[in-house]
Amino acid sequence: MSNYNLITVVQDKGRYEELIPRWWDWAYEEDCDAKNNRGDVTFLRDNIIKGQIKIDAGVTSSLPAEYYEQNIEVKGGTNIFFPVYHVHVCERDPYVVDEGTCDTIERCQISAENDLANVYHRWANISFNGGKEEPVTKNFKDHEIKVGPFTLEVKRDNDLKTEEGYYLPPGSYNGVSHGTYLLLNDFKPGNYVLDFGGKATNFQTRSIYTIHVG
């Protein structure tokens with residue numbers, strides 16, 4: 001699709017490494033969805049953060065998942081950055097790695113690797129002005145990245161407090177983020193629908209954004 005440009009990690013790894021910690025700081029803000037336009041970039045979030053669907057033992061991940069849906073407006077030329085499927089682990093997370101919790105960066109990295117090893121399907125599809133839906137990319141390998149350690153700044157109470165395993169009280173935390181992210185820019189004016197998510201053996205995510213580019 002020629003209505004936007006897709007930037008891969010291979011093309012600009014430094015930009016991805018800059019945006020991922022900023023994305024996490026944004027996600028831990030109070031009412032972050034009302035402030036997703038950040039000047040040089042517009043952040044979108046997946047429902048691994050809001051409305052994550054957990055799949056209990058014995059229930060297949062092919063069951064329909066509830067999803068997170070938003071309508072947003074952005075200015076032409078703004079970069080749009082979002083995770084298709086990702087994991088953030090910090091030293092405060094209650095995950096168990098081997099026989100201990102993630103109390104070191106090394107254990108955080110192991111935990112992130114273990115979570116991503118369970119992923120078996122990812123997608124990101126987009127349509128323009130009501131036209132045919134097309135894949136943003138078929139090569140997610142070019143968008144896989146491991147970032148960290150970096151410091152996550154949680155400044156105040158946030159929307160994640162109801163999400164099991166994601167709530168952090170205000171403070172600074174060292175962590176890592178592994179996953180698949182997409183960076184899109186140079187959007188032509190119009191209306192886009194972006195549908196993205198992923199499935200793993202123990203949970204699945206889906207988000208749909210209707211994006212009006214002025």
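The model is predicted, and local features are considered only at pLDDT of at least 70 and side-chain atom pairs only at pLDDT 80 or more, whereas totals for chains, interfaces and linings use all residues. Residues are numbered from 1 along each chain as its sequence is written, and side-chain values use heavy atoms, with hydrogens and water left out.

The structure holds 13 aromatic pairs, where rings of Phe, Tyr and Trp (its six-membered ring) are taken to pair if their centres lie within 6.5 Å, with planes under 30 degrees apart counted as stacked, over 60 as edge-to-face and the rest as tilted. The ring centres of Tyr16 and Phe81 are 5.6 Å apart and the ring planes stand at 70°, so this pair is edge-to-face. It links distant parts of the chain, since Tyr16 belongs to helix H1 (residues 13-27) and Phe81 to strand E5 (residues 79-90), 65 residues apart; helices (H or I, at least four residues) and strands (E, at least two) are DSSP runs numbered from the N terminus. Tyr16 and Phe81 are both buried, a term that denotes under 20% relative accessible area, with exposed over 50% and partly exposed in between (1.4 Å probe, protein chains only).

Phe82 and Phe196 form a tilted aromatic pair, with 4.5 Å from centre to centre and 40° between the planes. This pair also links distant parts of the chain, with Phe82 in strand E5 and Phe196 in strand E12 (residues 190-200), 114 residues apart, and both Phe82 and Phe196 are buried. One aromatic cluster is formed by Tyr16, Trp23, Trp24, Trp26, Tyr28, Phe43, Phe81 and Tyr181.

Helix H1 has 15 residues and reaches 21 Å from its first C-alpha to its last, close to the expected 21 Å, the expected span being 1.5 Å times one less than the number of residues.

Strand E5 is mostly covered, with 12 of its 12 residues buried. E5 pairs with E2 in the parallel sense over 3 bridges, where two strands pair if DSSP finds at least two bridges between them, and the bridge partner of Val41 in E5 is Asn79. E5 and E11 pair in the antiparallel sense over 10 bridges, and the bridge partner of Ile80 in E11 is Leu184.
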